[in-house]
Amino acid sequence: MLGIETIATYIPKTKESNYDLKEKFEFDDDFIENKIGVKQHAVKDEGFKSSDMCVKAFDNLKSTTDINIEEIECCIVVTQNPDFNIPHTAAIVHGKLDLPSSCAAFDISLGCSGFVYGLSNIISFMKNNGMKKGLLFTSDQYSDIVDKDDKNTALLFGDAATVTLISDDATFIPIDFSFGTNGKDYKELMCEETLQMNGRAVFSFTATTAPKHIKALLSKNTLTDKNIEKYYLHQGSRYIVDTIRKRLKVDAEKVPFDMMEYGNTISSSIPIMLQKELATTTKGNYVLSAFGVGLSWASAIIEKIK
Amino acid sequence: MTVTVEEIRSIVDEADTMAEMDTLVNDLPLTEQDVDSLDMANILLLLEEKYEVKIPDEDLSQVQSINSIVNYLNSK
């Protein structure tokens with residue numbers, strides 16, 4: 001059965017400390033650590049583009065996994081910061097990795113919900129076309145679009161990319177997915193020249209939507225909290241992760257928080273955490289849930305089978 | 001709708017802010033009493049959910065203190 005075989009990540013080594021910005025924005029240490037939840041955010045090298053970060057993630061995949069390029073039949077890149085408007089970044093990644101000409105390649109334009117959407121898309125696409133191995137990339141470099149004088153966003157976002165190897169030698173298999181959109185409020189989080197975020201609107205949307213969405217998905221699959229090992233929530237901020245957890249009424253140890261040293265990495269936040277879970281031996285059900293630009297949300301139940 | 005000071009204080013308490021409930025003053029802006037912007041967003045959401053009202057961004061200046069929140073909601 002097709003599923004996640006393994007995951008590799010790329011988080012730039014360069015970090016900008018949020019403590020250096022606290023006077024500028026009049027934040028104290030408690031707010032940085034316990035509300036934003038980001039001590040430092042990752043920043044890519046100048047001139048580095050989305051495809052460059054995908055290649056770095058793939059290099060890390062190659063260093064840990066025996067992978068034959070000739071077997072890759074599908075390459076999907078989830079990004080809203082493509083290298084260019086035309087062509088799609090997946091084509092550029094395809095070229096840089098020297099993937100075979102028979103390999104399908106396309107982008108998915110989504111933000112924070114992108115990994116969950118992408119996972120459903122790539123598995124469905126591969127299944128319908130009889131494919132055995134595919135690559136799902138997530139890559140966004142918000143350092144190119146964040147206004148460094150905007151206190152709502154300047155400390156929050158970090159650059160990163162991930163690659164998920166999909167194959168029939170799966171560690172995680174999908175159980176169910178659910179999606180949602182509120183396009184009427186797209187202006188609450190958007191980028192014309194620089195990123196603009198209505199923090200209150202995004203908080204209210206997430207706090208009200210995500211817990212209900214997760215509960216509905218569990219109920220649909222006749223599962224309860226007792227059947228779930230962990231909840232991997234998009235790492236929007238510490239405050240939003242804590243708020244969703246409290247509204248779900250689940251134990252803190254079941255809801256990992258991991259963004260402190262690199263920031264909110266958009267569609268990469270869930271695969272970065274999931275990659276760490278690959279090394280554990282805990283089989284069982286895991287919830288993924290992500291929410292953000294669109295406004296868009298997506299949740300999934302996946303099962304760790306080995 | 002009749003909203004009381006006690007109800008609003010209870011919601012502020014529920015929001016689990018850094019503010020000391022014992023010393024929280026009703027007629028001072030909450031943001032001047034250890035309630036930060038994220039806590040304030042949470043308090044406003046809890047108010048909207050409990051009283052089934054929409055508090056638009058344009059009205060934020062009218063909901064800064066416990067007393068002003070009570071007055072605002074009672075005028076709805």
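User: Which residues touch the most other members of the largest nonpolar core?

Analyst: In this predicted model, A:C54, A:A57, A:C75, A:I76 and A:F137 do, in a core of 114 residues. A nonpolar core is a set of buried Ala, Val, Leu, Ile, Met, Phe, Trp, Tyr and Cys residues joined through C-beta atoms within 7 Å. Residues are numbered from 1 along each chain as its sequence is written, chains are lettered from A in the order in which they are written, and local features need pLDDT of at least 70.

User: Which helix of chain A gives the most to this core?

Analyst: Helix α6 (residues 199-220), with 8 residues. Helices are DSSP runs of H or I with at least four residues, and strands are runs of E with at least two, numbered from the N terminus. The core also draws at least three residues from each of domain 1 (3-170) and domain 2 (173-304) of chain A; such bounds come from an automatic or database domain assignment.

User: What does A:I76 touch?

Analyst: Leaving out residues up to four places away in sequence, A:I76 touches A:A90, A:F106, A:I108, A:G118, A:N121, A:I122, A:L136 and A:F137. Contact requires C-beta atoms, placed from the backbone, within 7 Å.

User: What makes a residue of α5(A) buried, and which ones are?

Analyst: A buried residue has 20 or more other C-beta atoms within 10 Å of its own; 12 or fewer make it exposed, and values in between partly exposed, with C-beta atoms placed from the backbone. In α5(A), the buried residues include A:G118, A:I122 and A:M126. In α6(A), A:F203, A:A207 and A:L218 are among those that are buried.

User: What follows each of these helices?

Analyst: A:G130 follows α5(A), with a positive phi near 65°. A:T222 follows α6(A), with a positive phi near 45°.

User: How many residues of each domain of chain A take part in their contact?

Analyst: The centres of the domains, taken over C-alpha atoms, are separated by 17 Å. Domain 1 gives 43 residues to the contact and domain 2 gives 42. On the side of domain 1, α5(A) gives the most, with 7 residues.

Conventions. This is a predicted model: local features need pLDDT of at least 70, side-chain atom pairs count only at pLDDT 80 or more; totals for chains, interfaces and linings use all residues. Two residues are in contact if their C-beta atoms, placed from the backbone, lie within 7 Å.
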